[in-house]
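Okay, everyone, thanks for coming. Let me put the model up and then walk you through it.

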Protein chains: 2
Amino acid sequence: TQEFKQVSISEFFEKNRHILGFDSLQRALFIMVKEAVDNSLDACEEHGIIPDLEVIITKISNDIYEMTVRDNGPGIDRIQVPKAFGQLLYGSRFHVMRQTRGQQGLGITAAILYGQITTGEYSHITTKRESDDVAYHFELGIDVKNNVAHIKTEEPVIWTKKNGTEVRIRAKGKYITGRQSVFEYLKEVAVVNPNARISFTDPEGTKKVFERSIDEPSKQSKAIKPHPYGLEVGELLSLASDTTSSTMTDLFVDNFSRVSSNTAHEILEKASVEPKKKPTELTRSEAESIIDSIGNIRLMPPSAECLSPISEQFIRLGMLSVYGDERPGFYGKPLSGSVKIHKGNPFSVEIGMVYGGDLPADQPARVIRYANKVPLLFQPGSCAITQAVSELDWRQYGMEQKQGKGVPYGPAIILVHVYGPKIPYVSESKEAIAPIGEIVEEIKSVLKSEMRQLRRFNNRIERNKKMGEK
Amino acid sequence: TQEFKQVSISEFFEKNRHILGFDSLQRALFIMVKEAVDNSLDACEEHGIIPDLEVIITKISNDIYEMTVRDNGPGIDRIQVPKAFGQLLYGSRFHVMRQTRGQQGLGITAAILYGQITTGEYSHITTKRESDDVAYHFELGIDVKNNVAHIKTEEPVIWTKKNGTEVRIRAKGKYITGRQSVFEYLKEVAVVNPNARISFTDPEGTKKVFERSIDEPSKQSKAIKPHPYGLEVGELLSLASDTTSSTMTDLFVDNFSRVSSNTAHEILEKASVEPKKKPTELTRSEAESIIDSIGNIRLMPPSAECLSPISEQFIRLGMLSVYGDERPGFYGKPLSGSVKIHKGNPFSVEIGMVYGGDLPADQPARVIRYANKVPLLFQPGSCAITQAVSELDWRQYGMEQKQGKGVPYGPAIILVHVYGPKIPYVSESKEAIAPIGEIVEEIKSVLKSEMRQLRRFNNRIERNKKMGEK
Ligand SMILES: Nc1ncnc2c1ncn2[C@@H]1O[C@H](COP(=O)(O)OP(=O)(O)OP(=O)(O)O)[C@@H](O)[C@H]1O
Ligand SMILES: Nc1ncnc2c1ncn2[C@@H]1O[C@H](COP(=O)(O)OP(=O)(O)OP(=O)(O)O)[C@@H](O)[C@H]1O
Ligand SMILES: [Mg+2]
Ligand SMILES: [Mg+2]
């Protein structure tokens, strides 16, 4: 007969570590570095610290590597370390509507789990806040059955740094160079985080430093409340049963952005729901008519203060780091769309493009993908960005494209950045943006504006050629 | 300052329902049907019952649909219903090494969660075992904060059926026909489950019945223990600390397939580990040398009794249902590879191919993908099957393929089925097989044997042409 069982989240990911991105030895090493570096940059940005990161990869034996990532971030309260690093789905970013690289509460714990499975070793975390006299060093692993940390050592250590965190993990991996490598990731990160100094030491001991080009802390995105557009009936009902607000008007004013008490009144009156109604007494059909009336009311889009774009200047630098000495013929002005909304979450798209000149014409166009300032180097085939590029017709720009579909062949580099407090990814490895209608359409719309610049440029060239021929 | 929080798995998927496949209205309706039908087929197969399924989709309002799936399966113990349907990561298949469609413990609960979020309604489950006098009807939802069921109704009802289960869910959706539709899924399911009778009623009330063509229950795959190939150091250490076996020899004999006590002795002696050693005393470096010695010992591959192929006859039928009246010129004999192993899990690949004749030559070749007898209709771009097809050079067969890479254009239909107790999927929506090296290579190797048949066929045609010309 069948035996029913509850599976803990860490047991699920122990058996499904490929979903987190650990599906090959080279990708595993890449993911570990990415999770640690993303965390360091997020922590520095949240505390207004100019990032100073050190990434070191040493080879331990044939296919075992040790990764060390050290930052000058704020450090972590020692009480929180076991859970933040040894427990899946525990973190400080899931519930906050602000653009950060991390958003799930899984990243670094997944890397520690992978290290533990493949080597049997625990990981080392050392952290110190400015307010701490000493740093605290942990050697910890994960009790997979119960999804809790397993602490082997917890001890104070003397640290010369004022504050910061160091993460050291051993795991099976393979160090590679080229397109989907640790080096490529750090290079693409350095470009769009110009205030970060990142020093990288590879397994041969060679050190490369990505120097900072700006001396200011990053502009920190501010947390906002969800926007009512995209709210579902069930979500409103569960909010009404959990909320501490005493009236339906308060429920809207307390929990949503862009809703004043006047706007709340308007929404509720249109839905024939008493503004002073107690939220716990809301019925399903009342919730349905409220959702309908939200759809018919003009609301301001969410504030852009929760967003943090790459900006024009650094998009240009991003593309320059790709084409290097091959001078393009056309440099598009990087463009950015307005703030859009998907399921209550604001998002925006910014795009840059270069074309022609020395760029190779017989290769597929190079599409550089970013989400929340993190380069996406894997799973291009299932990403909203690749889909948007493929759905446009590039043949009128001298590019080759079979039946007007698919990534075009031709001398172009296209950089696309999608950013917002809650990017929908295809899976927990966060390498591809889910191909959701509104997102794909917005990417296409900003791309078309960029392509219009290219058409004007090409037309000018044609005109000049004709003038020349006369 | 930052607030750390633990997120429950249901809260995580409430905010990330696109990862489960609910990223558009039409895909949502598709996924709901798929999860329910997969469960019904699995339950019938496990109890040797010839499946008789009813799928009904009714339109409730503008974009609200109700899905009902009724089966003649074994029914479920009423005590288990709240957890099986109202709690994520609870099920009877995660811990068992046997080929089934379900393997995560998420499927149907995810569909119920989606229905609850988008309509605020609970779902209805009615079930009866042969040993029950009456059926039990539940109206339940999910308490998202705590990942437990929320039961609104639990009552006995009189049912004329001897045994079975009915699942009824209301949700936001969009009913479509064509390539990625519910109808297409049921058609492709019916072909490879020939003993299943599936009646489908669409929102217009039109009924279509896929009649069964075989009157026997499916051969049930048998549960096996994991195979030692692919075992990692950390996994061996955590097994050694949890196991009830009293010696290392017993640990291997009790927990792995293809390991007799002689083989266990051989593995342990090669690793200079005392066969009678207590598992709880195993050190990390001993575990490392045991893993090394497993790699150097010849072990039989896992038994194929845990596998359940589609078989040659039904692969042919699968392709016939695609090409219909367009007669191909070449019918390849469906081929199947031997049992391979990935991370201790056995898997196999079977492939069929038709080519030429009336098939359209200016379209991309049609690749029909299956995993554990379930058709994969989404995310082709990130699937191991698509990658394997794209990496082979098809130009020598009269197909067009840019620089010998990508899905070829030409008059071919290729059906690929990957099957085994634990298929690694890219994400929890189970629509794409993770592009893991061993799996991609095995698909390519079986494909090449199939292509060799095609080459022989083409050569024969050439020869005959030349003979004719003389
Ligand atoms: N270097 C660091 N400095 C400060 N805090 C950190 C650092 N690394 C991790 N943390 C804290 O630990 C928490 C857990 O990290 P983890 O990577 O698991 O999740 P996350 O970053 O919130 O989300 P994601 O899963 O998307 O990466 C973070 O939310 C953060 O509060
Ligand atoms: N129609 C059914 N008849 C009998 N048992 C069922 C039926 N539907 C679901 N179950 C039981 O409920 C459990 C949970 O189903 P669920 O779909 O959530 O998970 P699963 O099928 O085990 O895995 P997956 O997430 O991969 O679908 C199953 O494991 C099975 O035991
Ligand atoms: Mg993180
Ligand atoms: Mg299931």
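A quick definition to begin: copies are superposed by least squares on the C-alpha atoms of residues with pLDDT of at least 70 in both. Done that way, a rotation of 180 degrees with 0.0 Å of shift along its axis puts chain A onto chain B, with an RMSD of 0.0 Å. That's the relation of a two-fold axis. In chain A, the residue that comes closest to the rotation axis is Gly381(A), with its C-alpha at 2.2 Å.

Some housekeeping. This is a predicted model, where local features need pLDDT of at least 70 and side-chain atom pairs count only at pLDDT 80 or more, while totals for chains, interfaces and linings use all residues. Side-chain values use heavy atoms, with hydrogens and water left out.

Now, the inside. Of the 470 residues of chain A, 60% count as buried, meaning under 20% relative accessible area with a 1.4 Å probe, protein chains only. As for nonpolar cores, those are sets of buried Ala, Val, Leu, Ile, Met, Phe, Trp, Tyr and Cys residues joined through side-chain atoms within 4.5 Å. Which members of the largest one touch the most others? Out of 121 residues, they are Phe85(A), Leu186(A), Phe85(B) and Leu186(B). There's also a second, separate core of 37 residues, and Val418(A) and Ile414(A) are among them.

Back to Leu186(A): skipping neighbours within four places in sequence, its contacts (heavy atoms within 4.5 Å) are Val33(A), Val37(A), Val55(A), Ile198(A), Phe200(A) and Phe210(A).

Last one: the C-alpha trace of chain A spans about 80 × 70 × 60 Å along its principal axes.

Technical notes:
Residues numbered from 1 in each chain as written. Chains lettered and ligands numbered in written order. Buried < 20%, exposed > 50% of the residue type's maximum accessible area, 1.4 Å probe, protein only.
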